[in-house]
Amino acid sequence: MMTLQQAPEGPQLRDIHLPPSPSWWPLAPGWWGLVVLVALILLLGIWWWRRSSRRHKSHRQILTQIDVVAIRHAGNAAAFAAGMHRLLRQTVRLYDAHSVHARDAAWRAALAQVAVDDTTLDRLMSLDAAMYRPGVTLDEAAVTAAMHRWLARALRKRDVDRARRELRHV
């Protein structure tokens, strides 16, 4: 009789091992491109915000000067008119440096470069005459409101650009 022999034991086999998952670092080239794009957008956003906030701050300071002049020269029409007229002359330089020395119709045309109604322009034009006439009566509240309207519109960049474009086409 034959006896069955057991097979010799073979090598010990281990379970199947999967390779480790890929590392997230270093990033693939597409991710680097996305990081650079996000960084550029972020830097441009910060630059635009700082530029805008500086411009708005300067606009607020100019508009505040209207109230300072109105309070400082309340009751003195000639000094009030001179202070407001000085603010107008400073702002008109944004549109045309030569119009700073303009008078009468040329001055009205320089002020009309900002889109405002005729009543506002009439009140601003009254400053020119009120500066040199002692004892003239001037509606300071109406002139202050007209100055706020005109300067608020004049200080907007797009109005400056629009006025320049319209002047080129005339």
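In the predicted model, the axes of helix 2 (residues 77–92) and helix 5 cross at roughly 10° and come within 11 Å. Helix 2 is therefore roughly parallel to helix 5, a label given to angles under 35 degrees, with those over 145 termed roughly antiparallel, 65 to 115 roughly perpendicular and the rest oblique. Axes are lines fitted to C-alpha atoms, for helices over the stretch in contact, and angles between N-to-C directions run from 0 to 180 degrees. Helix 2 contributes Ala77, Phe80, Met84, Leu87, Leu88, Thr91 and Val92 to the contact, and helix 5 contributes Glu140, Val143, Thr144, Met147, Trp150, Leu151 and Ala154; contact denotes heavy atoms within 4.5 Å. The residues of this contact comprise eleven nonpolar, two polar and one charged, where Ala, Val, Leu, Ile, Met, Phe, Trp, Tyr, Cys and Pro count as nonpolar, Asp, Glu, Lys and Arg as charged, and the others, Gly among them, as polar.

Residues are numbered from 1 along each chain as its sequence is written, and side-chain values use heavy atoms, with hydrogens and water left out. Because the model is predicted, local features need pLDDT of at least 70 and side-chain atom pairs count only at pLDDT 80 or more, whereas totals for chains, interfaces and linings use all residues.

Helix 5 (residues 140–154) also packs against helix 4 (residues 118–130), at an angle of about 115° and with the axes 9 Å apart. This makes helix 4 roughly perpendicular to helix 5. The contact involves Thr120, Arg123, Leu124, Ser126 and Leu127 of helix 4, together with Ala142, Val143, Ala146, Met147, Arg149 and Trp150 of helix 5. Seven nonpolar, two polar and two charged residues make up the contact of helix 4 with helix 5.

The loop between helix 4 and helix 5 holds Met131. With a relative accessible area of 15%, Met131 is buried; buried means under 20% relative accessible area, exposed over 50% and partly exposed in between, for a 1.4 Å probe and protein chains only. When residues up to four places away in sequence are not counted, Met131 touches Ala78, Ala81, Ala82 and His85. The C-alpha atoms of Met131 and His85 are separated by 8.3 Å, although the two residues lie 46 residues apart along the chain.

For the protein chain as a whole, there are six helices and zero strands, assigned as DSSP runs numbered from the N terminus (helices: H or I, at least four residues; strands: E, at least two). Of its 170 residues, 28% count as buried. Among contacts with a separation of 6 or more, 58% are between residues 24 or more positions apart. The accessible surface comes to about 12900 Å², 61% of which belongs to carbon and sulfur atoms; accessible areas come from the Shrake-Rupley method with a 1.4 Å probe, and for residues only the protein chains shown count as cover.

Two backbone features were also identified. Most residues other than glycine have a negative phi, and most peptide bonds are trans. The peptide bond from Trp25 to Pro26 is cis, with omega near 0°, and Pro26 is found in the segment before helix 1 (29–72). Asp104, which is not a glycine, has a positive phi of about 50°. Asp104 is located in helix 3 (residues 104–111) and counts as exposed at 56% relative accessibility.
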